[in-house]
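Here is a short note to read alongside the structure. Keep the sequence open and find each residue as you go.

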Amino acid sequence: MIGKNAKLFFSVSVCALIVAIVLASWGFPKIVQKQIHKSLQIENSSMMFEKWRELPVPLQFKVYLFNVSNAEDVNDGAKPILNEIGPYVYKEYRVKRILGYGPNDTIRYMLKKTFQFDQEASGTLSENDDVTLINYSYLAAILTVLDIMPVAAVLVNSALATFFPNLTDPFMRVKVKDILFDGIFLNCVGENSALSLVCGKIRLEKPSVMRPAEDDKGFYFSMFGHLNTTESGPYDMNRGIENIHELGHIVAYNNKTTMNQWGDPYCGQINGSDSSIFPPIEGNPPDKIYTFEPEICRSFSASLVGPREIFNLSAYYYEIDEMLFAAKSANPNNKCFCKKNWSANHDGCLLMGLLNIEPCKNAPAIVSLPHYYLASEELLDYFDGGIHPDKEKHRSFVYLEATTGVVIKGLQRLQFNIELRNSPAIPQLENVRTGLFPLLWIEEGAEIPKNIQEELHQANKLLGYVEAIRWVILGLAIILCIAGAFCVSRAGGLNPWPNRNSALVCGKIRLEKPSVMRPAEDDKGFYFSMFGHLNTTESGPYDMNRGIENIHELGHIVAYNNKTTMNQWGDPYCGQINGSDSSIFPPIEGNPPDKIYTFEPEICRSFSASLVGPREIFNLSAYYYEIDEMLFAAKSANPNNKCFCKKNWSANHDGCLLMGLLNIEPCKNAPAIVSLPHYYLASEELLDYFDGGIHPDKEKHRSFVYLEATTGVVIKGLQRLQFNIELRNSPAIPQLENVRTGLFPLLWIEEGAEIPKNIQEELHQANKLLGYVEAIRWVILGLAIILCIAGAFCVSRAGGLNPWPNRNSVSFILRPGNTIDINKVR
């Protein structure tokens with residue numbers, strides 16, 4: 001009887017232990033996680049929704065102006081001496097207007113910002129303060145003319161003398177409120193025909209910084225006035241309901257999934273949040289976070305520094321990425337932010353620490369961090385005083401709460417600059433020194449108010465109690481189990497250690513269903529193969545751009561398996577779905593991109609290939625691309641590959657593998673490693689493991705593609721990849737006790753094709769037709785010129801018309817009803 005009760009007690013205690021283990025390892029964490037996710041998701045019933053829709057407290061918007069102390073001396077060629085004045089503090093209110101809900105778990109909204117001057121926070125400073133600043137709008141206008149049509153610069157400058165008040169030099173003497181929000185009046189009334197052209201251009205392009213005067217006699221220029229009067233958007237943002245790790249991610253802005261201004265998918269990618277919300281961290285902080293800033297048409301990145309404590313809350317501290325505005329030599333990925341006509345000395349790129357936002361704003365404005373922090377020291381040599389970069393004062397950063405990812409405190413700082421260029425033909429610029437001149441810098445930020453701090457404190461206390469309870473339950477269950485085992489052993493009725501447990505391995509395979517394992521029909525085992533699943537199942541679904549609205553987006557995969565990023569890597573950059581499925585690319589039309597991208601779902605990432613140059617193949621003109629040498633590069637060679645590393649993979653390389661390797665364990669749930677065949681482009685250290693058989697050869701092992709020079713059709717392409725696994729010495733395992741540790745290859749594959757003869761012939765015929773069209777247009781132009789010359793000759797011979805009138809009867813037609821006599825153009 002005692003034995004039976006002991007066995008019953010032991011059985012119950014074992015069941016209790018199993019339940020406790022499930023609750024402690026899965027149940028409690030899952031319940032807590034679900035509640036956190038539910039409170040953060042963007043839906044009407046969540047705790048976060050109203051705080052996200054309308055910020056509970058205003059942000060602080062601070063402006064620091066660079067007052068020019070020696071303007072007259074600068075006009076004579078002296079170095080500028082600047083005096084920073086500020087901060088002028090404004091309260092920034094943000095309200096989102098919900099437009100509706102879209103596909104792929106998105107919400108669409110417009111963002112309205114309202115700014116109010118905060119006299120108390122500004123101290124003795126006033127909006128009515130008079131300052132002397134670089135004339136930002138004048139220089140933007142005259143530099144544009146000097147770059148596009150230098151011969152017209154003098155004519156346009158004469159018009160600008162009427163357009164801008166008191167234009168005696170490149171500086172403006174204004175009140176703070178006018179340059180920031182109210183606007184400086186720019187006059188469009190005058191007899192100068194060039195003035196009408198300038199004002200007409202502004203009316204046509206409607207730049208955001210120019211507000212038309214009510215009487216239509218001019219414009220008001222201000223740096224931030226448009227932010228106070230107009231909404232930005234629409235934004236399409238992920239709500240985090242289907243995938244909490246996508247929460248806050250901006251997937252489209254103004255109905256576009258990329259910012260086309262940069263002419264490149266990498267630089268134009270819309271990445272990250274609007275800075276108001278981030279996914280929960282839950283103890284696993286990403287190496288980088290991203291925010292999208294539409295005012296400069298690009299995303300910002302901040303790198304993880306480490307855990308911190310702020311307001312008695314555990315947080316992760318992120319600081320602006322040092323490589324964000326890095327020169328191309330330091331960060332090759334920034335090449336697409338360069339344009340060939342910007343800088344002859346730096347291959348079209350600006351100095352370290354600068355970003356030219358002309359493609360975004362249609363004006364030669366340049367942004368940097370305040371006081372050129374993290375920028376080239378060459379910029380500081382231009383000044384005689386007033387520029388003092390300081391990490392503490394000029395860095396941008398954010399603290400994210402360690403569990404929820406809520407922004408505890410954050411500051412974003414940015415400086416606006418313009419080139420002051422010596423130009424002998426322009427009176428205002430004839431003696432100045434050429435250099436980059438700052439106008440102002442801004443600081444935008446906030447910290448959570450006391451009541452939300454208290455809410456987070458209470459939530460963390462509750463999480464602490466839950467954590468304690470789950471371990472108490474597990475401890476009690478273990479004690480009960482030990483007591484039950486003791487009773488049974490005393491009664492001599494039960495051996496608690498079963499000697500058969502072979503079902504665990506097969507059960508795990510049945511649960512996880514790896515693609516390389518096919519269940520046997522009698523359910524008595526599995527069949528393992530590398531590629532069998534590719535022959536029996538479809539992959540997808542793929543969401544691909546059709547190129548109808550924008551041909552340059554043709555073939556671009558925007559989502560795979562209903563996801564816009566591959567979450568396996570835990571980072572938006574490494575997880576981005578970029579490029580095509582390799583079957584179709586946008587037309588090239590003589591302007592080949594520096595890089596092309598293809599997405600490969602079997603290894604959960606995109607590939608890049610770099611332009612080598614023009615080639616001829618099958619008698620067709622083509623552009624030849626070869627696999628990017630930095631694709632599988634080590635973090636030291638390509639810092640962007642850091643997010644493909646995991647801390648437990650390699651103690652010697654900060655969690656990263658050797659050069660030329662990619663661990664696809666996050667993708668396949670198995671420690672598989674891919675490389676190029678025979679470790680081509682990989683570390684030579686890998687070759688030392690073998691006594692023979694491994695011979696990397698560029699001709700045999702590279703991947704490449706030829707794209708037809710006009711249509712972008714794939715003429716020929718080969719993709720090669722090798723699959724490897726670690727062979728590791730393990731004294732406890734008989735099969736591994738004597739082997740040498742090293743990376744062992746299994747096989748490599750080559751996948752490719754070339755267009756058949758009939759399509760080659762079609763492309764030949766199409767190119768011939770294009771050649772005929774090209775010849776015909778020049779023949780027509782030539783005939784027209786000949787006819788014109790012959791007509792002029794006949795007229796001059798007949799003496800009936802002097803084709804060169806000496807009276808300016810020609811009028812420039814600006815718009816219906818308005819003409820300007822050429823005599824008045826001076």
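1. A word on the source. This is a predicted model. Read every value below as computed from that prediction.

2. Which strand pairs with β7 over three bridges? Strand β8, residues 218-221, does so, in the antiparallel sense.

3. The disulfide count. A disulfide is a covalent bond between the sulfur atoms of two cysteines. How many turn up in a search of the whole structure? The search finds five. Three of them follow, including the one between C188 and C199.

4. C188 and C199. The sulfur atoms of C188 and C199 are 2.0 Å apart, and the two residues form a disulfide. Its S-S torsion is about -100°, so this disulfide is left-handed. C188 sits in the loop between β6 and α8, while C199 sits in helix α8. The two are 11 residues apart, and the pair links distant parts of the chain. Are these cysteines buried or exposed? C188 has 14% relative accessibility, so it counts as buried. C199 has 1%, so it counts as buried too. The cut-off for buried is under 20%.

5. C297 and C360. A disulfide joins C297 to C360, with 2.0 Å from S to S. Here the angle about the S-S bond is 70°, and the link is right-handed. Where do the two ends lie? C297 is in the loop between β11 (288-293) and β12 (298-310), and C360 is in helix α11 (residues 358-361). The pair therefore ties together parts that are 63 residues apart in sequence. C297 counts as buried because its relative accessibility is 4%. C360 counts as buried at 14%.

6. C604 and C667. The sulfur atoms of C604 and C667 are 2.0 Å apart in another disulfide. With 70° about the S-S bond, this link is right-handed. C604 lies in the loop between β23 (595-600) and β24 (605-617). C667 lies in helix α16, residues 665-668. So the pair ties together parts that are 63 residues apart in sequence. C604 is buried, with a relative accessible area of 3%. C667 counts as buried at 15% relative accessibility.

7. Now look at C788. Why does C788 count as exposed? Its relative accessible area is 57%, and the cut-off for exposed is over 50%.

8. Aromatic pairs. A pair of aromatic rings is described by the distance of the centres and the angle of the planes. A search of the whole structure finds 39 aromatic pairs. One of them is F115 with F181. Their centres are 5.2 Å apart, with 40° between the planes, and the pair is tilted. F115 is in strand β3 (residues 106-117), and F181 is in helix α7 (residues 176-182). The pair links distant parts of the chain, 66 residues apart. Both F115 and F181 are buried.

9. An edge-to-face pair. The ring centres of F690 and F744 are 6.1 Å apart. Their planes meet at 70°, so the pair is edge-to-face. F690 lies in the loop between β27 (672-675) and α17 (698-701), and F744 lies in strand β30 (residues 742-754). The pair therefore ties together parts that are 54 residues apart in sequence. F690 counts as buried at 18% relative accessibility. F744 is partly exposed, with a relative accessible area of 38%.

10. A ring cluster. Which residues do ring pairs link into a cluster? They are F61, Y90, F115, F117, F181, F224 and F416.

Note on methods. Residues are numbered from 1 along each chain as its sequence is written. This is a predicted model: local features need pLDDT of at least 70, side-chain atom pairs count only at pLDDT 80 or more; totals for chains, interfaces and linings use all residues. Side-chain values use heavy atoms; hydrogens and water are left out. Two strands pair if DSSP finds at least two bridges between them. Helices (H or I, at least four residues) and strands (E, at least two) are DSSP runs, numbered from the N terminus. A disulfide is a pair of cysteine sulfur atoms within 2.5 Å. Buried means under 20% relative accessible area, exposed over 50%, partly exposed in between (1.4 Å probe, protein chains only). Rings of Phe, Tyr and Trp (its six-membered ring) pair if their centres lie within 6.5 Å; planes under 30 degrees apart count as stacked, over 60 as edge-to-face and the rest as tilted.
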